[in-house]
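Subject: Structure handover

Hello,

Here is the structure you asked about, with the sequence. My notes on it follow below.

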Amino acid sequence: MKVLAIIPARGGSKGIPKKNIRLLSGKPLISYSILNALSCNIIDDVFVSTDSTEIADVAKNYGAETIERADGLSEDKVTLDPVIYDAVLRIEKLKGYTYDYVITMQPTSPLLKPQSLSTAFNEMLEKSFDCMISVVNKPHLAWKLQEGKLEPAYSERLNRQELPPNYLETGAFVISKRSLLTPETRMAGALSVFPITDDEGIDIDDKNDWILSETLLNRKRIIFRVDGYASLGMGHIYNCITLAYSMIEHDVLIVIQEDSLEGIKKIKETNLPFKIIKNESETESIINDFNPDIWVIDKLNTDEKTVCNLKNLVPRVVTIEDLGEGARYADAVINALYSKKDLNGKNIYSGWKYVCLRDEFQIEKPNSFSDEVKNVLIMFGGTDPSNFNRILYDIISHISVKYLNVNFNFIVGIGYDAEGNGLKTIEEKNIFVYSNVQRVTKYMKNADLAITSQGRAIFEFASMGIPAIVLSQNEREKTHGFASMEHGFINLGTENEIDNDLVENTLDWLINTRAVRKNMYNLMLKYPLREGLKRVRDIILGTNS
């Protein structure tokens, strides 16, 4: 069986001058179709039919043979059918044998995958079709012009996913039985269609198609390795979700260990792709399946063996909030919670400039300063391993009578059992408890003062200009340098250092001392924290200057 692939390529493109040989993501557009055809073991010969010596030269450089298009077949109104038929006759005469199948591949479909072409061809043989056409399925509610009047081209209005298939031809490929080719058509006999993805089906016709194709060809495959559970907290989970959301133009996968119950629950809410593993021994299998360009580790301490093994398997390895030995071997280390002086080594990016604020904080403006405290926000992250919520709940239940015009709002996370820990709303004491809220900024916008832990939330409060008292969940969290008075925070230390009277007196002092709160507010707003997400994206992708 002999199979011929023909790539028709005129030299007179008007919408995008010299389109077929313009560089798309560093390679001539036509090279993608040529390389796809050459990589398919079902194809015996690859020819480019052209009227341009320049296109012919480029095609030869990428391994294709060329055939000159006959006079009169390069005009704008000439369809591809006579072009392909003429080329087949010329090539068969040149080669001295006849083909069984002819595949037309447009040079304007650079994202077609070779395996899609091979699968389509094998399906065509298996089911005895004479012609197979690449299509994309685009079910939509459409309208048609009938005798000068617009009418619906559907019988019933349904949601898009419930509509019947609506196949649109793409330029990716047409596979035809050679014996049925004529100057009038390549599509004869028993026909079928082969649906390909929207990406593969892109047919570059204008500048917008070109820009989209360039973006997709530069797309990276990125794995985020992260865990989140009660004793660890949820900061790493929220950080990776934020980064994954910001990389919609890339393919991302979150990998999480099965004992991270709270983290898994949160990731499921996002609808981001994820994979649950039992242990790190599954790493190599995941890499083989997903073929990542970048592996991001958002874990506390990596070791040398882990990072070096990853470096042998993945082109780029980035670690986040990592003080382990493995950080020395990563391509980049990002630590927003630590200052530069706390870290050593090359490729270290540390300090507040590298914080990744969630989407809701990117779009919210800082609060206006309030002379009077009317709302105090208490928030200790997704799990609150030290149970500060309960400690503050007891303190505020005792003192709230002193503050009749102040509301105390507890925001507890997905991994914290408010009911089991005895937290409930008591309206007569102005105490309100909210669990796993979807948009915390809804409550932050009304907050005049806050009490929080010393994780990534400190940046969220600073971005909103909310003066805050900070308690540290553990000794490591205590070292997070941003939560200090120079940035607008009063730090009361770890669980073992906390004295209820100190918390109560500090809270009372701030509620009643406008000047101190105003100074804290001004200090917080000195820092352009919303710029950090782009910096971190660029570091992960390796595009930072």
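The search returned one cavity of 30 Å³ or more, where a cavity is a set of points on a 1 Å grid over the protein atoms alone at which a 1.4 Å probe fits but cannot get out. Grid points are joined across faces, edges and corners, and a volume is the space filled by probe spheres set on the points. The largest cavity has a volume of about 60 Å³. Its lining residues (those with an atom within 4 Å of a point) include Asn367, Phe369, Asp448, Ile466, Arg517 and Tyr521. The lining of the largest cavity divides into five nonpolar, four polar and two charged residues; Ala, Val, Leu, Ile, Met, Phe, Trp, Tyr, Cys and Pro count as nonpolar, Asp, Glu, Lys and Arg as charged, and the others, Gly among them, as polar.

This is a predicted model: local features need pLDDT of at least 70, side-chain atom pairs count only at pLDDT 80 or more, and totals for chains, interfaces and linings use all residues. Residues are numbered from 1 along each chain as its sequence is written, and side-chain values use heavy atoms, with hydrogens and water left out.

Now the sheets. Helices (H or I, at least four residues) and strands (E, at least two) are DSSP runs, numbered from the N terminus, and two strands pair if DSSP finds at least two bridges between them.

Strands β7 (131-137) and β10 (167-177) are antiparallel and share six bridges, with Val135 opposite Glu169 in β10.

Another open sheet of seven strands runs β14-β13-β12-β15-β16-β17-β18, with parallel pairing. β14 (274-277) and β18 (348-350) stand at the edges with a single partner strand each, so one side of each has no neighbour in the sheet. Here the twist averages 20° from one strand to the next. Three bridges join β17 (332-335) to β18, and Asn335 stands opposite Ser350 in β18. Helix α7 (261-270) packs on the sheet against β13 and β14, at about 155° to β13.

Regards

Notes
Axes fitted to C-alpha atoms, helices over the stretch in contact; angles between N-to-C directions. Contact = heavy atoms within 4.5 Å. 1 Å grid on protein atoms, 1.4 Å probe; cavity = no way out; pocket = protein on both sides within 12 Å on 5 of 7 lines; lining within 4 Å.
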